[in-house]
Amino acid sequence: MMQFTENPPPPPLYPTRPWPDFPNSAKSLGSFNNAACMEQLLVHCAHAIEANDATLAQQLLWVLHNIAPPEGDSNQRLTSAFLRALLLRASRSGSSISGPATPHHPQLPLRLSAISLAGFIDLTPWHRFGFSAANSAIADAADGFPVLHLVDLTTTHCMQIPTLIDVLASRPEGPPFLRLTLPSTPASTSPPPTLDISLDELGSRLVNFARSRNVGMDFRVVPSTPADGFHSLLEYLGANCNNAGEALVINCHMMPHRIPDESAGGGILSPRTVFAKSLRSLDPSLVVLVDEEADFTSSDVVTRLRAAFNYMWIPFDAVETFLPAASEQRRKYEAAVCWKIENVIAQEGVQRVERLEPRGRWGQRMRAAGFVGIGFGDEAAMEVKSMLDEHSAGWGMKRDDDDLVLTWKGHDVAFATAWVPSSATS
């Protein structure tokens with residue numbers, strides 16, 4: 001087992017090198033300490049690990065370990081996370097290449113109370129962007145209906161719902177009755193942080209909160225999993241959502257990318273395509289789709305590494321602007337980011353659930369399934385902008401056709417789209 005020390009001696013140089021002037025001492029590593037070089041080193045390392053080239057991989061691991069300390073700047077912490085993920089991939093593949101005995105992030109697993117989770121989510125607008133945009137659209141869809149049936153497909157443990165309840169409670173004509181249905185997904189493939197209470201307890205708290213706002217509410221959990229496109233949930237909805245006077249709204253918040261895509265194989269139609277068509281068969285009043293703007297669907301790990309490296313720098317850079325290095329909040333936030341990186345790089349098959357797909361491709365799926373985009377109104381855009389004013393200056397929002405896009409320093413981060421059955425607009 002290879003062990004790193006604080007100042008390990010350089011390994012001998014071998015004929016196979018990623019480039020002719022490969023460094024042979026820690027003193028000569030300074031020129032590699034930038035994001036572009038770090039990315040290239042990680043790419044070479046991934047190629048070496050996939051080829052089971054232990055000699056070259058050990059050289060690259062030594063360099064990466066020295067230039068990317070886990071407590072360094074944002075680029076170094078990002079690179080350290082990818083290094084950990086590559087070591088984990090090597091260990092799981094049975095490769096002769098090995099590294100530290102505990103490659104997982106030291107903060108994982110991460111379980112939080114409901115109050116701590118709310119604070120965790122409020123650190124950045126990563127999720128709040130989607131909450132703000134969706135809640136405005138959901139309230140509009142419920143207009144004129146005595147019952148709002150909300151199907152909440154989210155990874156945030158219903159943290160969006162209290163604000164939605166407040167929005168519904170403030171309506172002059174009175175709030176609709178809220179039926180909330182959500183899947184109970186396997187904890188083993190759920191992203192951190194997880195909630196330290198059961199779904200039953202969470203439901204009880206939400207019902208009590210709604211009652212305190214004079215909103216009637218029913219909470220229901222259906223065991224289901226994204227691995228099969230939420231088949232059992234969709235079956236339940238097909239049998240229980242054709243009620244007159246009910247607005248059916250499907251709220252997809254950073255959950256659909258966990259449904260297997262074409263790269264997972266297994267059939268003519270991908271589970272994502274089947275999922276979109278199944279949603280259309282329910283004839284919902286509205287579908288809101290919020291997700292991260294990146295492409296992690298490639299079956300090639302090196303391609304995924306490049307895509308992830310050029311996207312996952314954003315959360316590291318963002319939290320560095322307002323949280324000090326010693327902050328426990330920052331450590332926990334970055335631990336959750338590291339889990340995603342490990343899943344993208346180290347996992348395969350059904351265990352690889354972080355299969356982000358770009359907004360354009362989701363749009364194609366939804367249109368092919370019989371939906372049409374309706375966009376967000378000015379009120380939704382104003383809600384999002386008002387929320388962004390509470391965060392660092394680097395965050396922004398732009399309109400792109402009918403959609404809203406969250407940005408960090410001009411780079412696309414997440415998108416919000418709204419859809420209705422095409423027959424509803426004809």
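How much space lies in the largest cavity?

A: About 330 Å³ of space lies in the largest cavity. A cavity here is a set of points, on a 1 Å grid over the protein atoms alone, where a 1.4 Å probe fits but cannot get out. Grid points are joined across faces, edges and corners, and a volume is the space filled by probe spheres set on the points. The search of the whole structure finds one cavity of 30 Å³ or more.

A word on the source. This is a predicted model, in which local features need pLDDT of at least 70, side-chain atom pairs count only at pLDDT 80 or more, and totals for chains, interfaces and linings use all residues. Residues are numbered from 1 along each chain as its sequence is written, and side-chain values use heavy atoms, with hydrogens and water left out.

Lining residues have an atom within 4 Å of a point. The largest cavity has 21 of them, and Phe120, His127, Pro192, Ala336 and Lys340 are the closest to its centre. Helices (H or I, at least four residues) and strands (E, at least two) are DSSP runs, numbered from the N terminus. Helix 11 supplies the largest share, four residues. By class, the cavity lining has 13 nonpolar, five polar and three charged residues. Nonpolar covers Ala, Val, Leu, Ile, Met, Phe, Trp, Tyr, Cys and Pro; charged covers Asp, Glu, Lys and Arg; the others, Gly among them, are polar.

Stay with helix 11 for a moment. Asparagine 343 lies in this helix. Asparagine 343 counts as buried because its relative accessibility is 4%. Buried means under 20% relative accessible area, exposed over 50%, partly exposed in between (1.4 Å probe, protein chains only). Leaving aside neighbours within four places in sequence, asparagine 343 is in contact (heavy atoms within 4.5 Å) with Gln351, Arg352, Val353 and Glu354.

Next, the open spaces. A pocket is an open set with protein on both sides within 12 Å along at least five of seven lines. The largest pocket has a volume of about 690 Å³. Its lining holds 29 residues, with Phe131, Asn135, Pro162, Thr163 and Val167 nearest the centre. Helix 4 and helix 5 are among the elements that give two or more residues here, as are helix 6 (161-169), helix 7 (199-212) and helix 13 (378-388). Helix 5 gives the most, seven residues. The lining of the largest pocket has 14 nonpolar, five polar and ten charged residues.

The second largest pocket holds about 450 Å³ of space. Of its 22 lining residues, His157, Pro183, Thr185, Ser190 and Leu199 are the closest to the centre. Strand 3 has the largest share, three residues. The lining of the second largest pocket divides into eleven nonpolar, eight polar and three charged residues.

Last, the chain around these spaces. The protein chain has 13 helices and eleven strands. Of its 426 residues, 56% count as buried. Among contacts between residues at least 6 apart in sequence, 76% join residues at least 24 apart.
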